[in-house]
Amino acid sequence: MKKLLILILCVFLTLSTSCKKSEKVIIDNSYFEKTGTSYLSDLVNKKYDDAYTKYPHDSAMQNAVNPEKYAAIFNDVNKTYGDFVNFSGSDISLKGDYTIFTMGVIYKAGSLNANVVFDKNGNISGLNFSAYTFNESILPNGITETDITFGSVDWPLTAKLTKPEADGKYPLLILVHGSGPNDMNETVGMNQPFKDIAYSLAQKGVAVLRYDKRTFTYMNKLTDLTNFTVYDETIDDAVEAVNYVKDLDFVDNTKIYILGHSLGGYLIPRIAELTSDAAGYIIASGIFTSLGDIIPYQIEYLSNLDGVITEEEKIQIEEYKASAAKSLNPDLIGDDEIVMGAYKSYWEDLYNYKPIELAKEIKKPVFVLQGDRDYQVPVAQYDMIYEAFKNNDNFTFKLYPGLNHLLIFGTEKSTPQEYSVKGNVSEVLIEDMANFVK
């Protein structure tokens with residue numbers, strides 16, 4: 001499964017503007033549906049040569065995949081989910097300059113969404129999998145959900161507002177993602193933690209805004225920004241979200257809260273600087289040192305899951321440590337050099353960021369929470385902020401036994417493989433969130 005996830009990620013991240021033109025084809029929704037369906041049908045039926053040669057791939061996708069790589073991806077899918085059964089449900093959506101054709105794929109042991117990414121010329125630019133959604137269109141009783149668009153003029157974002165069905169004014173929680181190009185549900189494997197939180201909180205009398213992250217919607221456009229920072233990635237859109245919701249007629253604008261998860265939690269002190277209209281903040285699985293400290297830890301943890309670190313893994317660990325060291329010393333980074341997925345400007349900006357120091361300026365209520373089974377952010381990070389603020393009346397802390405980074409309960413050692421099994425965010429944790437906000 002680790003191999004599968006890596007391959008899928010590589011394919012999806014090779015979106016490029018370097019694309020060949022399609023030959024006199026009308027590019028509309030019927031084209032995306034017909035081409036996407038036929039392409040996925042060939043893949044699930046193991047016609048990998050046809051999948052590679054019959055359909056237009058952009059140049060980056062041509063280099064990223066071939067029949068053998070397609071076979072490796074789908075062999076891993078079959079090992080995890082069993083034999084292909086049928087397709088169920090489809091959808092077409094827009095993400096920046098790209099069109100995503102999504103089809104539900106039913107396997108004997110589980111179901112997935114297969115997402116085919118098309119560029120504006122109708123070329124296939126990416127392929128990835130996400131949690132199956134086509135049997136989840138019915139909302140829980142007592143809540144409503146509305147599709148909206150908000151954000152800056154240059155970076156409008158697709159979002160959903162979830163709220164109790166009854167009329168009234170409600171507290172509202174804004175959900176801010178972790179690192180990476182996350183959708184509004186913060187989908188990881190078969191899990192959608194932000195969707196879980198939105199549905200459960202709405203049933204408890206709290207409205208929720210969740211949105212597709214800027215790096216998810218505008219992945220290709222952002223790759224050319226050499227001055228990109230976490231303000232562009234996360235902070236500016238969190239501020240836009242507050243400005244959007246504060247005038248909604250069903251929102252109690254004295255009770256607007258912001259939850260930052262993982263990277264979003266790391267950035268809460270900066271978000272708090274710019275959101276005077278917010279009533280308080282939730283830091284969920286946040287880090288309080290730096291990304292350069294956390295990423296090598298994660299790589300070593302994953303490499304040692306089987307109890308053996310191979311020579312190849314040792315080399316990989318050292319490479320990540322070298323990159324991490326550069327991220328912590330941005331003067332060592334060249335102007336056109338990319339380190340851990342970002343240009344020099346990103347790391348220069350974070351070099352002077354001290355989240356615990358800045359958090360001292362927050363006078364509003366803050367709820368810091370963490371699962372003790374989180375391998376992506378070790379409990380030592382939670383301990384660090386606990387020690388710094390345990391005597392502050394405006395800070396509340398809770399460490400949850402058995403929860404992983406996605407805030408889902410388990411009993412085994414946490415691994416990436418568990419994300420391929422459907423789970424739900426802890427109801428105990430959500431109840432605590434509701435009480436904090438209300």
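**Reasoning from the sheet to a helix**

Mentor: In this predicted model, 8 strands form an open sheet with mixed pairing, in the order β5-β6-β8-β7-β9-β10-β11-β12.

Trainee: What makes β5 and β12 stand at the edges?

Mentor: Each of them, β5 (143-151) and β12 (395-400), has a single partner strand, so one side of each is left without a neighbour in the sheet. On average, neighbouring strands of this sheet are turned by 20 degrees against each other, direction ignored.

Trainee: How do you know that β5 pairs with β6?

Mentor: Pairing requires at least two bridges between two strands, and 9 bridges join β5 to β6 (residues 156-164), the two running antiparallel; I143, for instance, stands opposite P164 in β6.

Trainee: Why is helix α13 said to have a span close to the expected one?

Mentor: Helix α13 (residues 311-328) has 18 residues and reaches 26 Å from its first C-alpha to its last, which is set against the 26 Å expected at 1.5 Å a residue.

Trainee: Which residues of α13 are called buried, and why are they said to line one face of the helix?

Mentor: Buried means under 20% relative accessible area, and in α13 this label goes to E313, I317, A324 and S327. Seen down the axis of α13, the buried residues fall within an arc of 75 degrees, so they line one face of the helix. These buried residues pack against α12 (291-303) and α14 (344-351), whereas E311, E312 and I315, on the other side of α13, are exposed.

Methods
Residues are numbered from 1 along each chain as its sequence is written. This is a predicted model: local features need pLDDT of at least 70, side-chain atom pairs count only at pLDDT 80 or more; totals for chains, interfaces and linings use all residues. Side-chain values use heavy atoms; hydrogens and water are left out. Helices (H or I, at least four residues) and strands (E, at least two) are DSSP runs, numbered from the N terminus. The expected span of a helix is 1.5 Å times one less than its number of residues. Buried means under 20% relative accessible area, exposed over 50%, partly exposed in between (1.4 Å probe, protein chains only). The arc is that of the directions from the helix axis to the C-beta atoms. Contact means heavy atoms within 4.5 Å. Axes are lines fitted to C-alpha atoms, for helices over the stretch in contact, and angles run from 0 to 180 degrees between N-to-C directions.
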